[in-house]
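Here are my notes on this model, as numbered points. Please read them alongside the coordinates.

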Amino acid sequence: MAPHHHPALSFRDFLDGLLAAGDAVPIARPVDPELEVGAVTRRAYETRSPAPLFTTLTGGAPGFRILGAPAGLGAADRGTYGRLAAHFGLERHSGPRDILEKLVSALHAVPVPPVVVADGPCKENIHRGDDVDLERFPVPLLHQGDGGRYLGTYGFHIVRSPDGSWTNWSVGRTMLRDRTTLVGPAMPQQHLGMIREMWRERGEPTPWAMVLGAPPAALAAAGMPLPARVSEDGYVGALAGGPVEVVRTETNGLYVPAHSEIVLEGYISTDETAPEGPMGEYHGYLFPESKPQPVFHVQAVTHRDDAVLPVCVAGVPPEENHTIWGTMISAEALDLLRSAGLPVDLAWCSYEAATCWMVISVDVRELAARRTTEAELVDAVARVLFGSHAGWLVPKVILVADDIDITDIDQVVWALATRYHPGTEYCFPDTPGIPMVPYLTPEEARTGRGGKSVISCLTPEQFLGTARGTTASFRTSYPRALQQHVIDNWGAYGYR
Ligand SMILES: Cc1cc2nc3c(=O)[nH]c(=O)nc-3n(C[C@H](O)[C@H](O)[C@H](O)COP(=O)(O)O)c2cc1C
Ligand SMILES: [Mn+2]
């Protein structure tokens, strides 16, 4: 077996990197998968502490571990975005702009398809047929009020269109139902639901696999709204600078990343459903209703020795629905907007906004040169974004000038407060959107339309290339030489 040794392409190498950097902590004392794993992980997110690696769990068979907060934020001195950057093999102090530009450039690189290998770490243990028992895993109850225990919160589904031309990798949650079945959403607008529908039309169940503890770059790409019929695997190869090694499943002819911790193989039922949820969700709420969702049948389980199950404990930011999903949506949207020729500097789903808004910074010099109006700009942005797979996920868009660093929430709040004129919001009541957005009316959630808007924080002067005032700040109110003098003498003034 060839050594892979690349944090972006091997979960185990990624974990070793976090441990070496002090951005994951091994927890040897016994921890209960029922609520305790969730509570520790939640506190780690909310205090920006290292990722907890639970090595002794009081539920499930011995020998399994759990990693909480795999892409939580860290303390600033260790690199706020260090765990996220490590997913892409970037250095720990990379910032949001570095990460976005890397993701965008890989969209323009030639896709690097996976290579098939004969064997891999994910095959170290193989259970088939009657030997399949999902209860062997320490399946955590993540929040009180959840409708069940979730095995899949940081893994991805693998399905293939019946004609074999499109392999889709997508992150989606799965709840444990019994020893051999899971239940989870497969929304028709998401590619998992689209491909399942293709198989259903033929009257067949969908061959399916789920990967837990996947290569981190693959997990991130599986959480990215690439267009339909684009296979995420080729994007991952371009992003990671080398192909993903995949092995054939034991039972259904799909291919799964060899350097994965746990692989589930089976099929998605055509019509069988079971109640799923509720679960504390990405927007930060738990709504106490369960919904009927498709049942996933598991016919084989393979896993590494001492397998690590990664866990996302969804809820208020920052967790992986914000740091991974929000970042991947931002990159795809940024590329769409730029490729459409719009004067866009950056796009960013503020983590603090729980993937419910995207801020877009506009190159105001280019904007003024175009002699356009606010309504025309908003219309063009809405057409490009809301018409896309990525834009379906984003209910609110905020436009600001590029003097604002949109990855700094303090600056976004300042722009909203001082530049947005009340009553000028552009609403899109007929535009389709993800029905999970918490403020939707029952009618909007049922029809899957509405609740979408664009807010412009661009001032009338910015469309004309003039200015009414200047910003009063350290960076803008003093000569550059004086700024440097103050920085150089900061200690001499008595500051640490
Ligand atoms: C941690 C995490 C959990 C997610 N859970 C779900 C989910 O349960 N259902 C869903 O439709 N999307 C979920 N997503 C978002 C999808 O992965 C994302 O929209 C992706 O684009 C879907 O793949 P597709 O574009 O191939 O359909 C999640 C993303 C992340 C990062
Ligand atoms: Mn897809």
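1. A cut-off comes first: a residue is called buried when its relative accessible area is under 20%, exposed when over 50%, and partly exposed in between. Keep in mind that this is a predicted model.

2. Is Glu 281 buried or exposed? Its relative accessible area is 13%, and the limit for buried is under 20%, so Glu 281 counts as buried. The residue sits in the loop between β14 (262-276) and β15 (291-303).

3. Glu 281 carries an annotation. An unreviewed UniProt entry lists it under "active site". Beyond neighbours within four places in sequence, Glu 281 contacts Arg 173, Ala 314, Gly 315 and Met 436.

4. Turn to helix α2, residues 36-46. Its buried residues are Val 37, Gly 38, Thr 41, Arg 42, Ala 44 and Tyr 45. They lie on the same side of α2, because the arc they cover around the axis is only 160°.

5. What covers that buried set? Among the covering elements are the strands β2 (51-54), β3 (65-68) and β16 (308-311), along with helix α8 (320-339). Check the backbone just past α2 too: Arg 48 has a positive phi of about 50° there.

6. Last, the surface. Phe 474, Tyr 478, Leu 482 and Ile 487 make a nonpolar patch of about 350 Å². Tyr 478 belongs to the loop between α13 (460-464) and α14 (480-488). With 44% relative accessibility, Tyr 478 is classed as partly exposed.

Methods:
Residues are numbered from 1 along each chain as its sequence is written. Chains are lettered from A and ligands numbered from 1 in the order in which they are written. This is a predicted model: local features need pLDDT of at least 70, side-chain atom pairs count only at pLDDT 80 or more; totals for chains, interfaces and linings use all residues. Side-chain values use heavy atoms; hydrogens and water are left out. Buried means under 20% relative accessible area, exposed over 50%, partly exposed in between (1.4 Å probe, protein chains only). Helices (H or I, at least four residues) and strands (E, at least two) are DSSP runs, numbered from the N terminus. The arc is that of the directions from the helix axis to the C-beta atoms. Contact means heavy atoms within 4.5 Å. Patches are made of residues with over 30% relative accessible area and no salt bridge: like charges are joined within 9 Å, nonpolar side chains (Val, Leu, Ile, Met, Phe, Trp, Tyr) within 5 Å. Accessible areas come from the Shrake-Rupley method with a 1.4 Å probe; for residues, only the protein chains shown count as cover. A salt bridge is a side-chain nitrogen of Lys or Arg within 4 Å of a carboxyl oxygen of Asp or Glu. UniProt positions are given in the numbering used here, feature names are shortened, and annotations may be inferred rather than shown by experiment.
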